[in-house]
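Here is a short briefing on one protein chain. Take a look at the sequence and the fold, then work through the points below.

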Amino acid sequence: MRLLCLTALLFGGVFGAARAELLPVKNYSTSDGLLRDWAGCIRQDSRGFLWFCTSDGLSRFDGYGFKNYTTDDGLPHRNVTDFLETRDGRFWAATRDGLALFDPQGTDQNSAGGRAGGLFTVFRPTDNPQAVDILKLFEDSRGGLWCGTADGFYRIETDGAGISFRRIELPAEKTDGVLPVTAVTEDPYGNLLVGVDLNQGINRISPDGRIEHFPAERTKGQAESVKTMLTTADGRIWVGLSVNGGLCQLDEASAPQQPILTHCLTRQDGLPSNWIHSLYQTADGRIMIGTTKGTAILETASGKLREYREAEGFCDKGTDGFLEDRDGNLWIATNCSVKKIARSGFVRFDAADGLADENVNGFYVAPDGEFYVVTIQTGETADKNDITFRQINRFENERFTFIKPSLPPKVGSGWGSGQIVALAKNRDWWIGGDNRAVYRFPEIASFERPGQTPPEIIAIPDSEVFRIFEDRSGRVWIATMYDGHLLSWDPAAHQLTDHKNELSPDKVARHINSFVDDGAGTLWMGVEYTDEIVRYRNGRFSPLRVDAEKKIGRVNSVFLDSRQRLWIATLTGGVGRIDNPYAEQLKTIWYDRRSGLATDGTHGLAEDGFGRIYVGHGRGIDRIAPETGQIRHFTVADGLPPGLNDHLARDRDGNLWFGGAQGLARLVPESDKPRRAPNILLTGLRIEGVRQTVSELGEIALPELQLNANQTQVSIDFLGLGASLGEELKYQYRLEGAGSEWIETTQRAVDFANLAPGSYNFEVRAVTFDGLTSPQPAHVYFTIAAPVWQRGWVLLLAAAFIAILIYLLYRYRVAELLRVERVRTRIATDLHDDIGANLSKISILSEVARLKMPNGNEENNQLLTSIAEIARESVGSMSDIVWTINPKRDSVLEMTRKMREYAEETFVPYNVAVKFVAPADGENAKLPMNRRRELYLIFKEAVNNAAKHSGCRHVEIEFRCQGTETYLRIGDDGRGFDPDAENTGNGLENMQSRAADLGGKLEIETKEGRGTVISLKIG
């Protein structure tokens, strides 16, 4: 099968007799979600969605899938005949039972003459039952909305009361029939041209309302039915007719009632059929013509017609609509399916174009610029054994011719590929094989001769040839498969030299699998499995590590670009770029999956005329823009052959060729054109799994949400609409309030669970392969209320309650302290006034009794003396107790006075000098009663011990209170004592016990003859 190069025709290629193959056509049908395999119209709205009219309803395509609207959604009839988005943003669907206004919000609308239902509100002309069959919608340059019906032409008018239909009375050539209006267009002067079915001509309506009628006659008396009309960019008007009419131009200079059609084209001129369904003009000016039996393209400049049928991937059952999307891809509505022809520039070739086989084994561009494709085919030897052999295909005048080199019998192709065939400067053909030889066809004068003349057989020291390459000096290099030999052929000496030992002096086996020459005497070679390349310069081989740390498997290809940068394609490391390949140590910049490559396993390399690098691999082709790092991915959908494309080449015309085991494709590269950034829309919102109302067409922003405290799970759906629907988009989103960093994803939905109370702003944007982002993010603000117990007024009440509680507790505490203080004061008073007075009386009376008994016996005198002493001691102890519990003595100052008094009273009788260091500040600070009591008792014990037992002459007492810390130190210069000696007294133990009760630490430093220091630290 031979196929036209449609991509070149549609997108600016060369028109000629060329036949090329398989176009990058993708079919969309019911299996993809389209309502019907037949589509009658295609429209693209302002957001970027594609709409398809079908006989079962409307289908909307977003690049990922179809959303369908049927009578269940409010359409009045399943058959949708036309669709239109007007300048004011409203969407209208023409059906066989009325005009439907689409409401993306899904709310019912009630207007005069309208019937509300679902997503659509239906309006019908009320003057004629047959006029409810709407056939055509049109908006003129002034914003007027018109519809053609099965019986009449109407202007749709909107006023405060709703929508109404105003009938335009057109001349009727058949007074006893209906007037089906099937086509409407506008000329450059603002006149409406209205085409009527059933051979009833064309009407021209001027802006002032004047109507002129013209018969649709190709020749006098031969009227045709008008099916479609098109006003082209140059102002010409084309008319598509039915049955035998074909395609005609409209001559607006014709007088009314006179034939207006001229320059008609029919099947004799190349149309698939004379019945025209649809017309469309592409951006480059060509006219797409849909007929009942296929599609044609008219080049308006030359008048040439080309026919496209099922054999070219189209449909023979009829073509009803065309659309060129924002990125130049062509969409075609046919009776078979919807078809998309990608604007990629890839065109495939096969046997219909003269190619010997689709299994491409390599390319070769000869020194004179001729382009050759090497293919492999499987056949049989004379003894019926399978064998693979090569053919050489020459491309000339857009076709291939091929030869099968006449190698000896049973010589197969072997494993070699890529650089495996060479046509040397001296016209020698070199071809590899698998029979320990390389084959040379010397000084070939014609392309056909290698297929007719036996070659010269040159023996090699290995089983088969792996690569063949001729450098700029004319030397032919031959790399072998198994033993790693590298051979060179000197054309002057006719001598083959083996460089294996020079290549591997370190005994490391280096198998060469690719070559590239800089044209100035340096040759680079790719090596298998040593992570190296080899540089050959000035007769010396230099193996160079590609990257000191990176494992790359093997170098599959080496390539020098126009800026003399060396590129390497590797098995596992992606693609490396070496900006200075002449350096002794290489510095490599890597492109891999993290950079955007489709895979790290790369093979062939090529460069186009714009400096972009193409990388072949098992997932298609990646194109790298070195200056920006942008990477674009091409696949089978763009026209590439399936499978691994491991062979790449650029011909003398700048075209790029791609091949592998499953086919051959050519690309005519174009410069990068400004692309539209993708739109981004929010398409769904769920709160705790409950779907919220969102426009059917998505929204750039949603109304701010106020969520309850228990609504902490939020799910958001979004959609990017690129210039090419279906292109690979990535998305970036962030949730301000939970973080500010953009997060990248390929998913079109995000879920947030267990969000904390607070205010959030969700933003999302779409990103294309080349880094274009949506002009503005889509967003939604929402606030999650705090739980009742966390809300401000609750917290305020709680704070007030706690403050009141604290105040009441404080009042209670103060009252309690006052009560205790009063009790302490009363006890101290009672002890002093009552018990103290009584003890004093006892002491005095005992002394008086003893004095009045001068002759008393000694025993009685001793008893009275003891009673007096005990009474006096009791008075002293009771005084200490009274002092302790008296709240008036709680200050540090009172404590200091008491301690000073006791020390002086105790040490003065023993002639001991006392130095008392008192606190310089904080005298009014309070000491709790218990601390004051225990501290004083420790102090008394220490003073008594020093006075009675130490024999000291000097004592130094230091007492400090700072904050919660209390410090007491008593040091003497007495005889000291042995703290480890057995002691029958309890004084020291009591002091330790009291210190422990206060939470303090008591330390005793003493040594016989060196005095004693007792220190106490509390707090």
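Is Cys-961 buried or exposed? Cys-961 is buried, because its relative accessible area is 10%. Buried means under 20% relative accessible area, exposed means over 50%, and partly exposed lies in between, with a 1.4 Å probe and protein chains only.

This is a predicted model, in which local features need pLDDT of at least 70 and side-chain atom pairs count only at pLDDT 80 or more, while totals for chains, interfaces and linings use all residues. Residues are numbered from 1 along each chain as its sequence is written, and side-chain values use heavy atoms, with hydrogens and water left out.

**Overall picture**

- The protein has 7 helices and 75 strands. Helices (H or I, at least four residues) and strands (E, at least two) are DSSP runs, numbered from the N terminus.
- Of the 1019 residues of the protein, 53% count as buried.
- Take the contacts between residues at least 6 apart in sequence: 54% of them join residues at least 24 apart. Contact means heavy atoms within 4.5 Å.

**Disulfides**

- A disulfide is a covalent bond between the sulfur atoms of two cysteines. Here a pair counts when the cysteine sulfur atoms lie within 2.5 Å.
- By this rule the protein has 3 disulfides. Their pattern is 1-2, 3-4, 5-6, with bonded cysteines counted along the chain.
- Cys-41 sits in strand β4 (residues 41-44) and Cys-53 in strand β5 (residues 50-54), so the pair ties together parts that are 12 residues apart in sequence. Both Cys-41 and Cys-53 are buried.
- Another disulfide joins Cys-248 to Cys-264, also with its own S to S distance of 1.9 Å. The pair links distant parts of the chain, 16 residues apart: Cys-248 is in strand β25 (residues 247-250) and Cys-264 in strand β26 (residues 261-265). The torsion about the S-S bond of Cys-248 and Cys-264 is about 110°, so this disulfide is right-handed.
- Cys-248 is buried, with a relative accessible area of 0%. Cys-264 is partly exposed, at 24% relative accessibility.
- A disulfide also joins Cys-315 to Cys-336, with 1.8 Å from S to S. Cys-315 lies in the loop between β30 (304-308) and β31 (319-324), and Cys-336 in the loop between β32 (330-334) and β33 (338-341); the pair links distant parts of the chain, 21 residues apart. The link of Cys-315 and Cys-336 is right-handed, with 65° about the S-S bond.
- Cys-315 counts as buried, because its relative accessibility is 0%. Cys-336 counts as partly exposed, because its value is 26%.

**Another buried cysteine**

- Cys-147 counts as buried, at 0% relative accessibility.

**Helix packing**

- Axes are lines fitted to C-alpha atoms, for helices over the stretch in contact, and angles run from 0 to 180 degrees between N-to-C directions. Angles under 35 degrees count as roughly parallel, over 145 as roughly antiparallel, 65 to 115 as roughly perpendicular and the rest as oblique.
- The axes of helix α5 (residues 892-907) and α6 come within 10 Å and cross at roughly 20°. Therefore α5 and α6 are roughly parallel to each other. By class, the contact of α5 with α6 has 11 nonpolar, 2 polar and 3 charged residues. Ala, Val, Leu, Ile, Met, Phe, Trp, Tyr, Cys and Pro count as nonpolar, Asp, Glu, Lys and Arg as charged, and the others, Gly among them, as polar.
- Helix α6 (residues 929-950) and helix α7 (residues 987-997) have axes that come within 10 Å and cross at roughly 155°. Therefore α6 and α7 are roughly antiparallel to each other.
- Residues of α6, including Leu-937 and Ile-938, meet residues of α7, including Met-991 and Ala-995. By class, the contact of α6 with α7 has 5 nonpolar, 2 polar and 4 charged residues.

**Positive phi**

- Most residues other than glycine have a negative phi.
- Glu-443 has a positive phi, near 45°. Glu-443 is in the loop between β41 (437-441) and β42 (456-459), and is exposed, with a relative accessible area of 57%.
- Asp-531 has a positive phi, near 60°. Asp-531 is in the loop between β48 (522-527) and β49 (532-537), and is buried, with a relative accessible area of 7%.
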